[in-house]
Amino acid sequence: MQFISTRGGMAPAGFTEVLLSGLAPDGGLTVPDSLPALTAATLESWRGLPYAELATEVIGLFATDVPREDLARLTAAAYAPDRFPSPVVPLTPLTRVAEGLDLVGLSEGPTMAFKDLAMQFLGQAIPYVLARDGRVLNVLGATSGDTGSAAEHAFRGQEGVSVIMLSPHGRMSDVQRAQMYSLDEPNILNVAVHGVFDDCQNLVKAVNANPEFKARNSIGAVNSINVGRIAAQCVYYVWAWLRATDELDATERAHGQVDVAVPSGNFGNIYAGHLAREMGVPIRRLMLATNENNVLDEFFRTGVYTPRSREDTLATSSPSMDISRASNLERFVFELLGADEFSRRWPELEETGSLDLSDQQPRLESEFGFTSGTSTHEDRLAAIRLVITLSGRLIDPHTADAVTVALARMEPGFPTLVLETAKAAKFGATVAEAIGGEQPVDEAVSELLKAPQHVAELDDDVDALRTLIEEHALRR
Ligand SMILES: *Cc1c(COP(=O)(O)O)cnc(C)c1O
């Protein structure tokens with residue numbers, strides 16, 4: 001497989017060439033130039049594979065420039081029992097909530113959110129490419145919680161990579177803080193900035209604005225547009241379909257379509273589902289769930305995409321979806337319009353702040369299977385209460401957004417798989433509000449909160465950050 005840029009200004013490149021870069025050199029996003037077709041026979045031949053081996057097969061469709069034995073080693077390490085308890089991604093029926101409803105457990109990894117599944121793969125794949133090419137990488141990022149901790153847990157102790165992660169001083173939850181600051185590997189540097197998340201992001205931008213400084217210190221990122229993350233996320237769509245159809249006989253399997261409901265923000269998770277569907281995984285509909293920050297729901301309902309400014313982005317009780325500019329949507333629009341039409345119409349977004357594709361709207365569902373919905377704080381609380389009452393299972397507020405949309409949209413005869421993107425214990429305060437009781441107690445979380453923490457404090461000052469990077473960055 002080769003990758004090209006949505007903006008047309010990049011020579012086709014292989015997976016390991018685009019793995020370390022963020023945006024393409026022309027400012028676009030990298031997309032596969034074509035997708036392989038998975039036949040029913042291929043999917044059946046994968047049914048008996050454990051998760052890591054399935055990951056080798058699925059990621060191998062993208063990483064055609066990595067020798068198969070090497071890829072098998074990387075996935076075996078990424079999905080080892082010390083990172084994810086077997087079977088890595090468990091399915092739990094929620095039959096009492098609705099016939100045909102299943103929960104797909106994507107948050108069994110070290111930071112209790114779905115980002116671990118892709119980030120742990122990068123934690124193996126990136127050091128592999130760096131060692132091969134005799135390079136080092138200093139990952140510089142800003143986090144308000146989930147992404148930073150998933151990255152740190154993926155790269156801790158790995159050769160050739162360091163992580164310098166800025167977080168807003170005193171503004172994360174106790175659990176998020178403990179997950180990051182309890183790490184004491186020398187290649188992880190936590191920096192608590194005296195400011196808010198936007199200040200952290202602006203500091204990272206200011207450092208990246210100096211190409212000479214950036215190159216000299218081998219600075220990079222592992223954000224949600226990373227191609228390796230997308231490839232690794234395709235794996236659990238295949239896995240979930242296989243597990244959901246395990247009990248069916250051969251003829252039923254051949255027609256065994258499922259719907260999948262996905263809590264969405266940056267359109268990274270569900271874009272992987274879209275690729276799996278395009279390759280032939282029998283997914284009938286992709287149900288996109290947003291919270292009150294619903295630009296994506298608006299796009300799929302009307303065909304008009306109007307990103308909002310940071311000031312117009314609400315702080316909600318499903319905070320990892322508080323996003324009003326979905327960085328991966330460009331990839332889908334490129335596919336929807338084709339290269340020529342895309343290059344004509346995409347600039348409208350920069351020029352007017354909005355992209356009107358209402359002429360394409362009917363295709364979003366009929367051709368690509370997308371349907372969408374928005375939920376509110378009250379909906380989340382109600383969904384958490386409903387699921388614990390009827391099934392005895394606690395879900396987190398992000399998963400609750402997807403449950404809300406799934407219950408509104410599901411149809412008899414089509415199993416609906418809800419992706420569980422975080423553990424309830426990670427967002428205990430909202431869960432406690434929903435069930436009218438104490439926050440859920442989790443053994444691992446209580447231990448984590450007791451561990452000593454390591455963090456450097458920094459003023460909101462780019463020169464101070466540059467000095468810190470110079471001192472800390474790995475060099476070849
Ligand atoms: C990141 C995140 C999401 C949103 O995923 P996208 O890929 O950005 O759409 C949803 N839920 C949780 C818990 C997350 O951490």
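Okay, let's start in the strands: Ala 289 has Gly 373 as its bridge partner in E13. What we're looking at is a predicted model, so local features need pLDDT of at least 70 and side-chain atom pairs count only at pLDDT 80 or more, while totals for chains, interfaces and linings use all residues. Residues are numbered from 1 along each chain as its sequence is written, and side-chain values use heavy atoms, with hydrogens and water left out.

Back to that pair of strands. E10 and E13 run parallel, with 5 bridges joining them; for strands to pair, DSSP has to find at least two bridges between them. By buried I mean under 20% relative accessible area, with exposed being over 50% and partly exposed in between (1.4 Å probe, protein chains only).

I'm using side-chain nitrogen of Lys or Arg within 4 Å of a carboxyl oxygen of Asp or Glu. How many does a search of the whole structure find? It finds 32.

Here's one of them: Glu 411 with Arg 285, closest N and O atoms 3.8 Å apart. That pair ties together distant parts of the chain, 126 residues apart, with Arg 285 in strand E10 (283–290) and Glu 411 in the loop between helix H19 (397–409) and strand E14 (416–420). Are the two partners buried or exposed? Arg 285 counts as buried, at 8% relative accessibility, whereas Glu 411 is partly exposed at 35%.

Next one: Asp 359 and Arg 345, at 3.0 Å, N to O. They're 14 residues apart, Arg 345 in helix H15 (339–345) and Asp 359 in the loop between strand E12 (355–356) and helix H17 (361–366). Arg 345 is buried, with a relative accessible area of 16%.

And then there's a network. Salt bridges link Glu 44, Arg 47, Arg 243, Asp 246 and Arg 253. Within that group, the side chains of Arg 243 and Asp 246 meet at 2.6 Å, N to O. Asp 246 is partly exposed, at 28%.

Staying with charge, which residues make the negative patch on the surface? Those are Glu 457, Asp 459, Asp 460 and Asp 461. For a patch, residues need over 30% relative accessible area and no salt bridge, and like charges are joined within 9 Å.

Have a look at the loop between helix H4 (68–78) and strand E3 (91–93), where Pro 87 sits. The peptide bond from Ser 86 to Pro 87 is cis, omega near 5°. Val 88 lies in that H4 to E3 loop too, and its phi is near 75°, a positive value in a residue other than glycine. Val 88 is also buried, with a relative accessible area of 6%.

Phe 267 has a positive phi as well, near 65°. You'll find Phe 267 in the loop between strand E9 (258–263) and helix H12 (268–279). At 1% relative accessibility, Phe 267 counts as buried.

That's it from me, happy to go back to any of these on the screen.

Definitions and conventions: Helices (H or I, at least four residues) and strands (E, at least two) are DSSP runs, numbered from the N terminus. Patches are made of residues with over 30% relative accessible area and no salt bridge: like charges are joined within 9 Å, nonpolar side chains (Val, Leu, Ile, Met, Phe, Trp, Tyr) within 5 Å. Accessible areas come from the Shrake-Rupley method with a 1.4 Å probe; for residues, only the protein chains shown count as cover. Lys and Arg count as positive and Asp and Glu as negative; His and the chain ends are not counted. The place of a charge is taken as NZ of Lys, CZ of Arg, CG of Asp or CD of Glu.
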